[in-house]
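I opened my notebook to look up how one protein chain is put together. I started with the inside, then went on to a helix and some charged pairs.

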Amino acid sequence: MGSTMGRGDIPTGPPRRVPIGVVAPHDMALDAELWRWVPDEAALFFARTSYLPLAVSLEMVELLGDITGIRCATEQLKAIEPVAYAFACTSGSFVHGRAGERAAAAALSEAGGAPGITASGAILAALGHLRIRRVAVATPYDATITARLESFLVEAGVAVTGIRQLDLDSRMWTVPYARTADLIREANSDAAEAIVVSCTNLPTYDLITPLEHELGKPIISANQATMWAVLTQCGLAAVGPGQHLINPGGT
């Protein structure tokens, strides 16, 4: 989106973009991946939760879901008047179940003065949009955290047909695409209508389209769902060539 020219060929100003606030966990390393789903009409503005000197464990993700911390990070963004907010932390938004996810979304809205969505809530919204009720699950977490995700999905009425996890406790953003692709293939089953790939710190953008073609079903990743949901809230379309959630019928 280019700026228009004013008198004397002086631009009237930079293009105005729809501001979207993103509250990310302290260890989020994939800001650049989130931007790949964003059209020119929008801009992302980030705030992070307080640093926690812990490995990725149940204790850590329970702390990431702390409502006070989410509110404080959201308030850092309020001055730029975002049109909507996203809590870009999957585990921190599913670890306390559906009630915890709703509380996190409400904290975003109340502290920021605009609608808020969470990564986990966005996954449920994406599954509902595609009318999917049975999923396989792929995560980088340990078995304990992954079990919380399964419980969250089941509580929301989504059946889990199979699970695979990487059992990592740090640096999820460094996982190679090939390893994640194998994880998704292993999680898949004939009973699954789609595969949910959790963790906003696990790179997925370039995997989604080729694996959807290979497996013949939608791949719903945390970052994809989060950006799709918050952009939809703003009346904008996400950018994801060939991705079924964004371009239904393209699988």
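My entries on this structure follow.

**Ground rules.** I am reading a predicted model, where local features need pLDDT of at least 70, side-chain atom pairs count only at pLDDT 80 or more, and totals for chains, interfaces and linings use all residues. Residues are numbered from 1 along each chain as its sequence is written, and side-chain values use heavy atoms, with hydrogens and water left out.

**Entry 1: the core.** I looked up the largest nonpolar core and found 85 residues. Such a core is a set of buried Ala, Val, Leu, Ile, Met, Phe, Trp, Tyr and Cys residues joined through side-chain atoms within 4.5 Å. Buried means under 20% relative accessible area, exposed means over 50%, and partly exposed is in between (1.4 Å probe, protein chains only). Leu127, Val135 and Leu153 have the most contacts inside this core. Helix 10 (residues 222-233) gives the most to this core, with seven residues. Helices (H or I, at least four residues) and strands (E, at least two) are DSSP runs, numbered from the N terminus.

I then checked Leu127, setting aside its neighbours within four places in sequence. Its contacts (heavy atoms within 4.5 Å) include Ile132, Val158, Val196 and Ile220.

**Entry 2: helix 3.** Which residues are buried in helix 3 (residues 67-75)? I noted Ile70, Ala73 and Thr74. They sit on the same side of helix 3, because they cover an arc of only 100° around the axis. The arc is taken from the directions from the helix axis to the C-beta atoms. Among the elements covering these buried residues are strand 1 (18-24) and helix 5 (97-112).

**Entry 3: salt bridges.** I counted eight salt bridges, each a side-chain nitrogen of Lys or Arg within 4 Å of a carboxyl oxygen of Asp or Glu. Arg71 pairs with Glu110, with the closest N and O atoms 2.4 Å apart. Arg71 is in helix 3 and Glu110 in helix 5, so the pair ties together parts that are 39 residues apart in sequence. Arg71 is partly exposed at 29% relative accessibility, while Glu110 is exposed at 53%.

Glu193 and Arg134 also form a salt bridge, at 3.8 Å from N to O. This pair links distant parts of the chain, 59 residues apart.

Arg185 bridges to Asp182 at 2.8 Å. The two are three residues apart in helix 8, which means about one helical turn separates them. Asp182, Arg185 and Glu214 are linked in a network of salt bridges.
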